[in-house]
Amino acid sequence: MSATAELRDITVAVVRGKEQPFTIEPARIRAPQDDEVLVRVIATGLCHTDLIVRDQYYPVPLPAVLGHEGAGVVEALGPGVKDLKVGDHVVLTYGACGHCNPCNGGHGAYCKDFFGLNFGGGALDGSTAIQAPDGTPLHDHFFAQSSFATYALSRENNAIKVPDDAPIELLGPLGCGIQTGAGAVINSLQVTPGSSFASFGAGAVGLSAVMAARVAGATTIIAIDVVPSRLALATELGATHVINSRDVDVVDAVRAITGGGANFALESTGRPEVLAQGIEALGGRGVIGVVGAPKLGTKAEFDVNNLLLGGRSIRGIVEGDSVPKVFIPQLVQLYQQGRFPFDKLVKFYPLDQINQAAEDSTRGITLKPILTIGK
């Protein structure tokens, strides 16, 4: 961070060590540069990815300001910003360079610099925008935002304008977790009308997939989990069948419900044994998407001939293959029409209760915590 840059006092939640709780601290953030926007954060979702980085499943350098489902109001603009204006309501999403071959092809989630931009702990040149009061840099740029803070910097291409009449305090999770589940169904798997879909996991991502499968016209929608309250909510959100995997053989149950196996499935738990079940539960030429993130290096086992002989396939999916400037406003519109009621997944916590929110999320008490930060 340049010593001459204009600095603004902010409050942040910091992770200072592996598996350590978040601490609420004062900090300072520099002014926006180039195509950056400074966003006054109203609220931000807390996602599984924040927690696995806290616990160092992914090697993001610490201490760090995490948070990657921010929503708020544009406060200031860098000189290179073209379309956004001060006062715009925005949802912050993942970072992408915007000019590599995947980005140019509309696949920013597979940007060649994706890991560096989202998990590098700073800008690609190693610089940071946030510092402690004594001038010590804090690692930031998490998912090109670090929104566990009263103010966040993002680039214009990952600050998505949303309608002013939409509830901005609710919308942050559309930037990652909910976008991932819904996008996996609509964009990646392209679930078809009249088809069967099985969601292995009924957390926020899995239930977003259930809602999206209903929007897409699937007529058999199966939610699989071990928490009865999640399965009850899945029924409310559009699941035609639910399976508690502690009670029955999941593969046999899915095959019985679908008459031979699911056309489409999504694995969102990050557990390799669940992925193996999902593959076995597919029908002929079925496809399973994988969005659950385990520790780096995790291996899964499955019968190769089950893929080969049935023409089945496995698809890795990042961020629901979303083009955020298109997809996030579409999800907002679906919500406003009552067709995508993701508000039923959330519970609000003030920022200083972030550790309680994290614990409730880990224990399955809260599907999608949202931290309220500003007004």
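Strand 9 gives the most residues to the lining of the second largest pocket, namely 3. Keep in mind as you look around that this is a predicted model. The pocket itself holds about 400 Å³ of space. Of the 22 residues that line this pocket, Glu-36, Leu-117, Ala-123, His-141 and Arg-155 are the closest to its centre. Two elements give two or more residues to the lining: helix 3, which covers 114-119, and strand 9, which covers 151-155. What classes of residue make up the lining of the second largest pocket? The lining has 7 nonpolar, 8 polar and 7 charged residues.

**A cavity inside**

Rolling a probe the size of a water molecule over the atoms shows where empty space is left. How many cavities of 30 Å³ or more does a search of the whole structure find? The search finds 1. About 50 Å³ of space lies in the largest cavity. Its lining consists of Ile-29, Ala-129, Ile-130, Asp-140, His-141, Ala-144, Gln-145, Ser-146 and Leu-153. Sorted by class, the lining of the largest cavity has 5 nonpolar, 3 polar and 1 charged residues.

Two packed helices are described by the angle between their axes and the distance between the axes.

Which residues meet where helix 5 and helix 11 are in contact? From helix 5 come Gln-179, Ala-182, Gly-183, Ile-186 and Asn-187, and they meet Pro-324, Phe-327, Ile-328 and Leu-331 of helix 11. By class, this contact has 6 nonpolar, 3 polar and no charged residues.

Most residues other than glycine have a negative phi, and most peptide bonds are trans.

Glu-19 is not a glycine, yet it has a positive phi of about 60°. You can find Glu-19 in the loop between strand 1 (7-15) and strand 2 (23-30).

Gln-190 also has a positive phi, of about 55°, although it is not a glycine. Gln-190 sits in the loop between helix 5 and strand 11, the latter covering 196-200. Leaving aside residues up to four places away in sequence, Gln-190 touches Ala-184, Val-185 and Phe-264. Gln-190 and Gly-203 are 13 residues apart in sequence, and their C-alpha atoms are 21 Å apart in space.

The peptide bond from Leu-62 to Pro-63 is cis, with omega near 0°. Pro-63 belongs to the loop between helix 1 (48-54) and strand 4 (64-65).

**Who is exposed?**

The table puts some residues side by side by their relative accessible area.

| Residue | Relative accessible area | Class |
|---|---|---|
| Glu-19 | 53% | exposed |
| Gln-190 | 52% | exposed |
| His-48 | 46% | partly exposed |
| Phe-348 | 39% | partly exposed |

Why does Gln-190 count as exposed? Its relative accessible area is 52%, and exposed means over 50%. His-48, at 46%, counts as partly exposed.

Where is Phe-348? Phe-348 lies in strand 17, residues 346-350. Along the chain, Phe-348 and Glu-169 are 179 residues apart, while their C-alpha atoms are separated by 9.2 Å. Phe-348 touches Glu-169, Leu-170, Ile-370 and Thr-372, not counting residues up to four places away in sequence.

His-48 lies in helix 1. His-48 and Thr-258 are 210 residues apart in sequence, and the distance between them in space is 30 Å, C-alpha to C-alpha.

Conventions: Residues are numbered from 1 along each chain as its sequence is written. This is a predicted model: local features need pLDDT of at least 70, side-chain atom pairs count only at pLDDT 80 or more; totals for chains, interfaces and linings use all residues. Side-chain values use heavy atoms; hydrogens and water are left out. On a 1 Å grid over the protein atoms alone, a cavity is a set of points where a 1.4 Å probe fits but cannot get out, and a pocket is an open set with protein on both sides within 12 Å along at least five of seven lines; lining residues have an atom within 4 Å of a point. Grid points are joined across faces, edges and corners, and a volume is the space filled by probe spheres set on the points. Helices (H or I, at least four residues) and strands (E, at least two) are DSSP runs, numbered from the N terminus. Ala, Val, Leu, Ile, Met, Phe, Trp, Tyr, Cys and Pro count as nonpolar, Asp, Glu, Lys and Arg as charged, and the others, Gly among them, as polar. Contact means heavy atoms within 4.5 Å. Buried means under 20% relative accessible area, exposed over 50%, partly exposed in between (1.4 Å probe, protein chains only).
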